[in-house]
Each structure stands twice: as structure tokens, then as C-alpha cells.
Amino acid sequence: MLASAALLALSGGCAGHRDPALAVVNWFEPLDGGRDQVSPYFANLYALSLVRHGLGAGEVRGYVAWYLDHLNYPDRHGLTGTIDDMVVRPGGRLERTGRYDSVDGYAGTFLLLLDEWEQSGGDRALLEANRARIQDVAWLLLRLQDPDGLVRALPDANARYLMDNCEAYAGLLAYDALSRRLGWDTGPRHRIAAEDVREAVLVRLSDGPGRRFHWADAGGVPHRSDWDVFYPDALAQLFPILYGVVDARSELAQHLWREFAQRYDPRAGQPVSAVQRAIIDLTRERVTP
């Protein structure tokens, strides 16, 4: 999930929040409205959008350093490289909640951010200094990948989500590309794991007769998607297109987009959140010549 240029224009930019995570979030969700929680997952997406639009260079660098400094070593499950959601205390101080919504989505989007940030001129010295931590984040996706190729959202649950697996696929490829550019000898295992994720999404999460994807699989039991249910069912159909699991020029991608847009296009007045609109707008950009 990424934020669009239109959303950036509406936000008005950063209002000088000192905490690096709050500084990034404030570009998109002004914090003077009483916001009391910050998800690093959404902050990853906001920072990635800033990178793509050439904005907030200082805030993005500060956020990358902040994220790496707030990784769990270990968390309550014994995992290293995860990160908790944060609660906003008086004065803008962030405090760990001790929980997170997912491991795979947070890790995948952060790796995407690092890859694009480095390519846009991001601080290589900061990345080199945190090589071990970044490798720990990438390891999480390998750790949570099941033998059938899908990645679990949490270590203590068997749910594998379409959205998260598309993010894991893109994150694994991003880490592979980043590590090769930086000369880190990590071998092909992340690239191989990414292809396994892609194959599993196309086979295990595909609802062939309906020409759509299951929004989740739990313990081998698929959760079929209903076009009349916006979230997660219908919105999830955009993720294989947005993250490259499905070629945006393919007939399948065009079909999924048409089915979604005729029901939920925000330009026709359909109510969606700012982040959801960004997902829709970016997918439109990919499927529209």
C-alpha cells in the first residue's frame, strides 16, 4: 500500500513533530486531531510514498533509523526483527504496545522502503551499519514461510492473507536486490522464497472459477472472496496487481481491475479511507496505459 501524490498535496506536509515516526505519519494524517496510535506498517507505506515523490528526505532517513532502533530483540514470541505498534503519549512520546497486527506485512513493506530509499540516494552508511538488523527483518519472511510457499501473518496463527503474501513477495525481491547492490553475500534464497510465494498465491489462493483470489487461507481452508464485501475481499484483489504477483498488463489483472472499479471507484463517490484510496489510485496507474 502506497500513498498517492493527491494525498500528499492534501496533507500539507510535516508540522515539525520531533519523533521520526510521527513526522512521517503527519504528512498524511495530521496528528493534532487526537490520534493516539501509530502503526509502523502504515508509516512504512507513507515513507515509501515520500521516497517515490521525492519529498521528506530528512524525515524518511530519520524514520528508517527509528524503525531499525525499535526492532524487538526478541519479542514475546522469541522472534528478532519484529516491531510493535506504538501508542502516542502526551507530548508526542511513543510507547510500545507490546503487540503488532502482523509480522509479514510489516517486514515486507519495510524492505520495500529500504530498497527504494537506497536507489533514490538514501544513506548507504546507515544501511551498512545496520546490516545485521536488516537481515533479521528479511529472515522473518523466511521463518514464517510454510512448506506450501505461503507466509503466515503471525508465528502463533495459521492464517495466510492474500494482501500480506503479496507484500512478502515484493519485500523478498526488494531485499534480494538491495543486498546484491550493497555486496552482501546472502545467496539466492530470498529470491527463491519470493518465487515460491508467488507460485503459492497463484495456485493456492486462486479461485479459478470466479477469476479472483481468496482473501485468506487458514490451515489449508480457503476464505473465498465476495465482490460485494469491500474489505478485505474486494480490496485484496488489487494487491497481486499492485505488488507484481500478476502482470498488470495481463487479462487477469484487467479483469480484476474492471470488477473492482465498477463497484468501488472513489471517483464515483464511493467512500474509502485515505490509505485505501491510495491503493486504488496506484493500482489504476499500473493497469491504465
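Reply: Strands here are DSSP runs of E with at least two residues, and helices are runs of H or I with at least four, both numbered from the N terminus; two strands pair if DSSP finds at least two bridges between them. The model is predicted, so local features need pLDDT of at least 70 and side-chain atom pairs count only at pLDDT 80 or more, while totals for chains, interfaces and linings use all residues. Residues are numbered from 1 along each chain as its sequence is written, and side-chain values use heavy atoms, with hydrogens and water left out.

Me: Why are β1 and β2 called paired strands?

Reply: Two bridges join β1 (residues 37–38) to β2 (residues 86–89) in the antiparallel sense, and because the rule asks for at least two, the strands pair. Within β2, Val87 is the bridge partner of Gln37, and Val87 also stands opposite Glu95 in β3.

Me: What makes the lining of the largest cavity nonpolar or polar by class?

Reply: Ala, Val, Leu, Ile, Met, Phe, Trp, Tyr, Cys and Pro count as nonpolar, Asp, Glu, Lys and Arg as charged, and the others, Gly among them, as polar; by that division the lining has eight nonpolar, three polar and no charged residues.
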